[in-house]
Amino acid sequence: ATTYAGWRASMSIAAIRNGSVSGPGDALDRLNREILSGEDFLAVDSSDESEEGEDDDDDDDNGDKLFATLVDDNPQSSNVGNALAVALPLALAASLGVSYLAIVFSGTPPNDEYPVTMLPEILTSSLPYLSSLPSAMLCLFFMATEFRWALPSNSPGDDQSSSEATTGSSTLLCAGNILALAYVAGAYIAKIHPTLSLNEMKLDLWPLQNGVNIALATTVTRALSPFLLPVASSSSATQSSSAGKSIRTVALALIGLTLFDAVFTFGTVANAVAPAAESSMSVMETVARSKLGSPSSEISPLAFLWQPGLLEIILGHDTSRATEALGLGDIVFPSILVAWGFAADNDANLSLGTNVVADSNAADGKMDTSPSKSEGYPYATASIIGYIFGSLATEIVGSFSLLGNVSGLPALVFLVPSMLSAVTMMAWSRNELGDVWGMARDDDGGGNDK
């Protein structure tokens, strides 16, 4: 899941660097149109082909290019990545707090300790179900985006009008949308009927839920990556300078998110609301358990309603209790570093191919860009290997209770240091440590500090 999300996000980075997309803001606008109207991400903007237009068209065009105007045309846009890196942990902390309060208010029965709920009973009983509607719609939109991208589209000359061919938009009843609707419906049904019996064969439906979560993680990764990774467009064929390979901004975000994960997992914020006779749980674990709630659960009021946000592994049939679970953030944020690895490797391969002088017997004098000149994907491989080792460390620490009797561990505490260490070691082995950490000198005209 992490590799797929990072690979998909790296396509957006490549589109910005080769000039197909004007910047991170334009990438986000295109992603929004891809999700909401089915427009192809790399579709040619009709407003760019014609410079003439009326005022009404200009107003509509400004609406379609909201983030491009706010970010790409802003002189201070270079600071957006650092601001986002700092704001992400704070935003997640606020969101987690709201989720935790919603669980407490909706799941606490009136008794001597909690005599009266702070919200009306009809509101507290319906709030969880009402709050699930936006997440269900997001699941449908994001899943449809992945299906439309994966399925082959019709040729522009067959059944599409000229405007549809220009924008690459999809119809409402296209195959991708219909499959997404059936897929998401199956994910929600899996909460009530986790297994289908076909004659004597039993078919587990819980993998459908993981597929929806992967689509969510992929879309969020594609939205965040252009702002946290170096994406400056280059008119030349090479972009191997430190500015195009630095991971300082994404590392700042990952470190902040790791601290957030550790504090809200190991912290004692939630202990105040746990009865003394019961084992206390952190805020993070309380919210996670509410998503894992089974019909016999006493924590979550959503006994029969699936809540996206956790990738689960369920062993055995006819059960809805997960044996392993991984938070969506443990996929999204490491995926950004994987996206950086793919983007950096793609740039290196492109630079290597276009800078090789053509063979002496080539009459046309074109550059040799054959796949044999590729260096492979060292940084992407390093980040993925780091993720694997971090996952193994999480399992070992949790299985042997090396940090005490803790039922849930903050995975980012193990994943982020492992991934950053693997990428750093790869950079050191390639003599590109200065470039990767943004410390290369520009004495030789902006080249790598080797």
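In which helix does Thr221 lie? I found Thr221 in helix α10, residues 206–228, where helices are DSSP runs (H or I) of at least four residues, numbered from the N terminus.

Before going on, I noted that this is a predicted model, in which local features need pLDDT of at least 70, side-chain atom pairs count only at pLDDT 80 or more, and totals for chains, interfaces and linings use all residues. I also noted that residues are numbered from 1 along each chain as its sequence is written, and that side-chain values use heavy atoms, with hydrogens and water left out.

Leaving aside residues up to four places away in sequence, Thr221 touches Ala5, Ala9, Val332, Ser335 and Ile336, contact meaning heavy atoms within 4.5 Å. I also read a separation of 8.9 Å between the C-alpha atoms of Thr221 and Ile331, which are 110 residues apart along the chain.

Next I turned to helix α12 (residues 248–266) and helix α16 (residues 412–429), which pack at an angle of about 155 degrees with their axes 9 Å apart; axes are lines fitted to C-alpha atoms over the stretch in contact, and angles run from 0 to 180 degrees between N-to-C directions. That makes α12 roughly antiparallel to α16, a label for angles over 145 degrees.

Last, I checked the cysteines: Cys139 is buried at 1%, Cys174 is buried at 16%, and the structure holds zero disulfides (pairs of cysteine sulfur atoms within 2.5 Å).

Definitions and conventions: Helices (H or I, at least four residues) and strands (E, at least two) are DSSP runs, numbered from the N terminus. Angles under 35 degrees count as roughly parallel, over 145 as roughly antiparallel, 65 to 115 as roughly perpendicular and the rest as oblique. Buried means under 20% relative accessible area, exposed over 50%, partly exposed in between (1.4 Å probe, protein chains only).
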